[in-house]
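Hi there,

Here is the structure I promised to pass on. Have a look at it first, and then read on for my notes on the side-chain contacts.

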Amino acid sequence: MSDLRSTGRTPVSVIGTGLMGSALARTFLTAGHPTTVWNRTPGRTGALVAEGARDAAGASEAITASGLVIVCVRDYDAVHDVLDPARTALTGRVLVNLTSGSSEQARAMARWATESHATYLDGAIMQTPPHVGARETAILYSGEESAFTVHRDALMELGGASTYLGTDAGIASLYDVALLGIMWGTLNSFMHAVALVGSANVDATTFLPFATAFHAATGSFMAKYAHDIDVGEFVAEDASLETHLPPVEHLLEESRALGIDAAIPSFTRALLHEAMTAGHAKDSYARIVDHFRPAR
Ligand SMILES: NC(=O)c1ccc[n+]([C@@H]2O[C@H](COP(=O)([O-])OP(=O)(O)OC[C@H]3O[C@@H](n4cnc5c(N)ncnc54)[C@H](OP(=O)(O)O)[C@@H]3O)[C@@H](O)[C@H]2O)c1
């Protein structure tokens, strides 16, 4: 193993060496950071140690080893299981929590870290472990700006498209769930579409290029709709809600006729009816945002 302090790179500790924690630690090692690891279950750090990581005897030792401490475990209960007994070691450390959770959990963790005299940054990893370290990989960070600024170079090793979103520690987690919602909505619609064309013996792979091209086109609509929503003006330059309604009904009827689950087009039709009943038939599709906002 090379001298841990000889590389000139920030020493980093990674707590939790499951699939994601291992990918994070491996990326730091590859980039030349002296890397200390600790995992609750012994024996899950062996591969990383063989690659040059130092194995800490406990969480406190891992925290003490580096100014930059990354924690990536199953959930926030696990974060507390690990960090509560090691709390005193956190004084003066930068704690970057890459464990998934809600925005409120992140904010509570930030308060806990501040009370523990640590500088706290929360993060949401928007990729799977094999993509950690790639230039296109995004990790969203929020919390104490100094933590991101001071450790920017090390954190950007984990994902070259990473972004700092602001001082509210919860905002990265909020973006995370919002983006995952887009993912599931898109994937569910893809599955529905594949079932539709499958009724005509078109396989998913044959349909795929049409799906990806139309998905890209749909993505391009979002810029206009984001503008409409932000200025509160819903001028239909492409298609009004009343123009959307007939094709949605065709999708609904086709689904039902083929015995394919019609929940997605039913929901879309209900959204259109609601907005049109409220007098917005001539508006752009962006008007549908009203349905999702909390009642005032
Ligand atoms: N995998 C992904 O694609 C992905 C993508 C984005 C975000 N994430 C997030 O990254 C985090 C880790 O995911 P993962 O894929 O690495 O999961 P994983 O492979 O199942 O690893 C879970 C890790 O959490 C530890 N852990 C669980 N409960 C614990 C407890 N009570 N006390 C101490 N350690 C505990 C495990 O330690 P033991 O070995 O001792 O069980 C292990 O190190 C999660 O919050 C996940 O949502 C994952």
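To begin with, are tyrosine 141 and phenylalanine 148 buried or exposed? Tyrosine 141 is buried, and phenylalanine 148 is as well. Please keep in mind that this is a predicted model.

Searching the whole structure turned up three aromatic pairs. In one of them, the ring centres of tyrosine 141 and phenylalanine 148 are 5.5 Å apart and the planes make an angle of 45°, so this pair is tilted. Phenylalanine 148 also pairs with tyrosine 164, and here the rings are stacked, at 5.4 Å centre to centre with 20° between the planes. Because phenylalanine 148 sits in helix H6 and tyrosine 164 in strand S8, this contact ties together parts 16 residues apart in sequence. Tyrosine 164 is buried too, and Tyr141, Phe148 and Tyr164 make up one aromatic cluster.

On the charged side, there are 10 salt bridges. One of them joins arginine 9 to glutamate 157, with the closest N and O atoms 2.8 Å apart. Arginine 9 comes in the segment before strand S1 and glutamate 157 belongs to helix H7, so the bridge connects parts 148 residues apart in sequence. Arginine 9 is partly exposed at 38% relative accessibility, and glutamate 157 is partly exposed at 23%.

Another salt bridge brings arginine 26 and glutamate 51 together, at 2.8 Å from N to O. Arginine 26 is in helix H1, while glutamate 51 is in the loop between helix H2 and strand S3, 25 residues apart.

Enjoy exploring!

Best wishes

Methods:
Residues are numbered from 1 along each chain as its sequence is written. This is a predicted model: local features need pLDDT of at least 70, side-chain atom pairs count only at pLDDT 80 or more; totals for chains, interfaces and linings use all residues. Side-chain values use heavy atoms; hydrogens and water are left out. Rings of Phe, Tyr and Trp (its six-membered ring) pair if their centres lie within 6.5 Å; planes under 30 degrees apart count as stacked, over 60 as edge-to-face and the rest as tilted. Buried means under 20% relative accessible area, exposed over 50%, partly exposed in between (1.4 Å probe, protein chains only). Helices (H or I, at least four residues) and strands (E, at least two) are DSSP runs, numbered from the N terminus. A salt bridge is a side-chain nitrogen of Lys or Arg within 4 Å of a carboxyl oxygen of Asp or Glu.
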